[in-house]
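Reader: Please give me a close look at the interface in this model, and then at the parts of the fold around it. I would like one connected account, with every cut-off stated.

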Amino acid sequence: MRDVAVIGAGMIEFGELYEQSTDDMAEAAFLNALDDVDYGISPDEIDAGWLGTSNIAGDANSGLGLAHPTGQFEIPIMRVENACATGSSAFRAAVEAVRAGSADVALVLGVEKMHDSAEGLIANAALDQVWRGRGVTMPAFFGMRATRHMHEFGTTREQIAEVSVKNHENGSKYPYAHYQFTCDVEDVVQSPQVTYPLQLYDCCPVTDGAAATIIASEDVADNYTDDPIWAAGSGLSTDSLLRGNDSALVGFEATTQAANQAYDQANIGPEDIDVAEVHDCFTITELITYEDLGFCEKGEGGQFVEEGTVHLDGEKPVNPSGGLLAKGHPIGATGVAQINEIYEQLRGEAGAVQVGNDPQYGLQHNIGIGRNATGSVSCVNVLSRER
Amino acid sequence: MHEPPHWRDRPQNERLLARECRTCGYVSFPEHRRICKRCQDEVEWDEVRLQERGTVRSYVVQNRLPDEFETPLPLAVLDMPQETDGEPARVYGLFTETEPDDIEIGMVADADLRQLFDINGLPVHSFKFKLPRGER
């Protein structure tokens, strides 16, 4: 098996992009990724493509969603959908194919159009899910974990809010973030209630966006850069609350499983991770993810964020980009953008949000839900500065 | 259209019928297939009935929902014991006739057959939860 490196990354500013179509966004992200390759790349050097999208706007239900905006015809392209882990799953699939030798240079493109009507397309999908899921909405699914985590471990409302404060602080310094404001704990707990115990500032916004990553095998990576970032490990797993596992009431078991697979493949442990971009669709998700990834002990997530360990200048910075809470969550683009952010961090090119601990290993994580909000899927990718 | 899933789920929704795995005791509800989610194997199942009184394991109170729903709307994940011995089933349940402040983890709640909503004029019946009579 060959080693695989990220050699280029591009994205667009996330936001409410009514004036842009799915193809407009994908094209811009692709062009930015081409521009990012140190020694340049010709589009015809790309062997294969993976498109990550949930296709909410209905413009990308096959590989054509990648070929049309990028001109990448006549090569194999797969569309990947894996709930909110769509982008990270597309990256994982591309890495595995290049590792196995079926392509030398591959494009991973994540794109999602979440806004094309006043309510947002996601609102229509949510209505349908509400019926089928007996009234279980996204904030409810995650809020259940918050209520139980507070009950079981004494986690406070203020500790949960600290995640939002941190990520908005980081997002205010990150040029591609949807929201650029800062807030304090008081603002979070005073914001309108969505689903007790979660308030508006505990929830990520509805955001359009696209991101593109170019990867290459060890055989050709040197042609494109002297500073490749290596795909060191990856994991993917699924679980369901309805399996009756009590630990699933306060955690996302699939994350622990995916993380262990990724750590094993990279031959490292959670203590070796220097920077992480994790799934914070809601504040509680990130707090629980510290525990699921092994960054702290079960039940200590609240204390972990309160002590500042996960801040930009902390020992284990999490979501320097502002995370989904500030940056937004265009489903297919989210994971690809996170990969790009870790790539920038490991190359020392993250600008105002560059972490200061000379990062060697970075982790990217998504969690997705499905089956009437009872199941979960998790994908974890580890990138490394050294091969 | 969601009519077919509704018809398939009627024994579970309207009669609280579950299946218990003969090998490991896992209770499948509302699903009832040949493969057990815990054994991960094709197993024998016994049909079991669930009690109408369950225990709240966690909950939320939904305040922002489509117009079709009255808010604030409490929603919980509950364990519903079998009528005889064995493990409980874990279910999601909407609450009705219940003040949000009255809900807490560990409390018991009773399942009551209600019209959940209608799809194109077709009423869909299932259970909702409420505080036991005498505690309201």
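Author: Helices (H or I, at least four residues) and strands (E, at least two residues) are DSSP runs, numbered from the N terminus. This is a predicted model, in which local features need pLDDT of at least 70 and side-chain atom pairs count only at pLDDT 80 or more, whereas totals for chains, interfaces and linings use all residues. Residues are numbered from 1 along each chain as its sequence is written, chains are lettered from A and ligands numbered from 1 in the order in which they are written, and side-chain values use heavy atoms, with hydrogens and water left out.

To begin with the interface, 32 residues of chain B are in contact with 32 residues of chain A, contact meaning heavy atoms within 4.5 Å. The size of an interface is often given as the accessible area lost when the parts come together. Here chain B and chain A bury about 3000 Å² between them, with 61% of it on carbon and sulfur atoms; buried area is the accessible area (1.4 Å probe) that two parts lose on being put together, summed over both.

The chains are also linked by two salt bridges, a salt bridge being a side-chain nitrogen of Lys or Arg within 4 Å of a carboxyl oxygen of Asp or Glu. One of them joins B:Arg57 to A:Asp246, with the closest N and O atoms 3.4 Å apart. Across the interface of chain B and chain A there are 13 residue pairs in polar contact, both residues at pLDDT 80 or more. A polar contact is a pair of N or O atoms within 3.5 Å; within protein, one must be able to donate a hydrogen and the other to accept it, and residues adjacent in sequence count only if both atoms are side-chain atoms.

The largest share, six residues, comes from E4(B). By class, the side of chain B that touches chain A has 18 nonpolar, seven polar and seven charged residues, where Ala, Val, Leu, Ile, Met, Phe, Trp, Tyr, Cys and Pro count as nonpolar, Asp, Glu, Lys and Arg as charged, and the others, Gly among them, as polar.

E4(B) also pairs with a strand of the other chain: two bridges join strand E5 (residues 193–196) of chain A to E4(B), and the two run antiparallel. Two strands pair if DSSP finds at least two bridges between them. In this pairing A:Thr195 stands opposite B:Gln62. The side chain of B:Gln62 makes a polar contact (2.5 Å) with the side chain of A:Thr137, a residue in the loop between helix H4 (121–132) and helix H5 (138–153) of chain A. A:Thr137 counts as buried because its relative accessibility is 13%; buried means under 20% relative accessible area, exposed over 50%, and partly exposed in between (1.4 Å probe, protein chains only).

One joins A:Tyr196 and A:Pro197, with omega about 10°, and A:Pro197 lies in the loop between E5 and strand E6 (198–199) of chain A. In chain B, the peptide bond from B:Thr71 to B:Pro72 is cis with omega near -5°, and B:Pro72 lies in the loop between E4 and E5 of chain B.

Backbone geometry also marks A:Asn55, which has a positive phi of about 60° although it is not a glycine. A:Asn55 sits in the loop between strand E2 (48–52) and helix H2 (64–70) of chain A, and with a relative accessible area of 16% it is buried. A:Glu74, likewise not a glycine, has a positive phi of about 65° and is exposed, at 84% relative accessible area.

Elsewhere in chain A, 10 of the 10 residues of strand E11 (residues 375–384) are buried, so E11(A) is largely enclosed by the rest of the structure. In a regular strand the side chains alternate between the two faces of the sheet. Both faces of E11(A) are covered, with A:Cys379 among the buried residues on one side and A:Val380 among those on the other. Strand E8 (residues 229–240) of chain A is joined to E11(A) by 10 bridges and runs antiparallel to it, with A:Leu236 opposite A:Cys379. Strand E10 (residues 361–370) of chain A pairs with E11(A) in the antiparallel sense over 10 bridges, and there A:Gln364 stands opposite A:Asn381.
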